[in-house]
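Please examine the sequence and the model before reading on.

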Amino acid sequence: MTHRRGGCQCGAVRYELSVERLTAYACHCLECQKQSASAFAISVPVKADDLVVEGPVAAYERSTDSGSRTNCWFCSTCGTRIYHQSARSPQIVTLKGGTLDDPSVLAPIAHLWVSRKQPWLEMPATPDVEMFETQPDDLKAWRDRLIASRST
Ligand SMILES: [Zn+2]
Ligand SMILES: [Zn+2]
């Protein structure tokens, strides 16, 4: 088991992640552009049990398109978004990839909401990187498969 560490910009929040391999996807939807304050978000779905967070976190709760609620956890000192946790599947959390101490280990295996991407951004022409004009029909099942494929 590999232990990876990460945290917020000010250092008050630190976490440890215990997974063999990380799988990341990029999302270009407008919510993710707003959330990341950038062109896209890098999401790393992991089991909630595999993530141990220490430090002052607070949650902003928002509704999702699918009618669920998501808690968006952030450092209450510097505001860095750390992870998201849906009310519908709280056993899975979506870690924000840029918070890893070594984010270079992340190479997105898929891009979601390419139809909303910023126009200057060129998508990689790699056949094994999946492209979705919007998002997988069943995002929850798709994310669950990503986690399952990682542990084999
Ligand atoms: Zn902080
Ligand atoms: Zn998104």
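## The zinc site

In sequence, the donor residues of the zinc ion (ligand 1) follow the spacing C-x1-C-x64-C-x2-C. Helices (H or I, at least four residues) and strands (E, at least two) are DSSP runs, numbered from the N terminus.

This is a predicted model, in which local features need pLDDT of at least 70 and side-chain atom pairs count only at pLDDT 80 or more, while totals for chains, interfaces and linings use all residues. Residues are numbered from 1 along each chain as its sequence is written, chains are lettered from A and ligands numbered from 1 in the order in which they are written, and side-chain values use heavy atoms, with hydrogens and water left out.

The zinc ion (ligand 1) is coordinated by the SG atoms of Cys8, Cys10, Cys75 and Cys78, at 2.3 to 2.4 Å. Donors are N, O and S atoms within 2.8 Å of the metal (3.2 Å for Na, K and Ca); water is not among the atoms, so sites may look incomplete. The arrangement is tetrahedral because the four donor atoms subtend angles of 106 to 114°; for four donors this term requires all angles to lie between 85 and 135 degrees.

Cys75 is buried, with a relative accessible area of 1%, whereas Cys10 is partly exposed, at 41%. Buried means under 20% relative accessible area, exposed over 50%, and partly exposed in between (1.4 Å probe, protein chains only).

## Salt bridges

A salt bridge is a side-chain nitrogen of Lys or Arg within 4 Å of a carboxyl oxygen of Asp or Glu. By this rule the count comes to five salt bridges, including those in the table.

| Pair | Distance, N to O |
|---|---|
| Arg62 and Glu31 | 4.0 Å |
| Arg69 and Glu61 | 3.5 Å |
| Asp144 and Lys140 | 3.2 Å |

Arg62 lies in strand β6 (residues 57-63) and Glu31 in helix α1 (residues 30-36), so this pair ties together parts that are 31 residues apart in sequence. Asp144 and Lys140 are separated by about one helical turn, because they stand four residues apart in helix α2 (residues 139-150). Asp144 is partly exposed, at 29% relative accessibility, and Lys140 is partly exposed, at 31%.

Methods. Four donors count as tetrahedral if all angles lie between 85 and 135 degrees; four count as square planar and six as octahedral if opposite donors are over 155 degrees apart and all others between 65 and 115; anything else is irregular.
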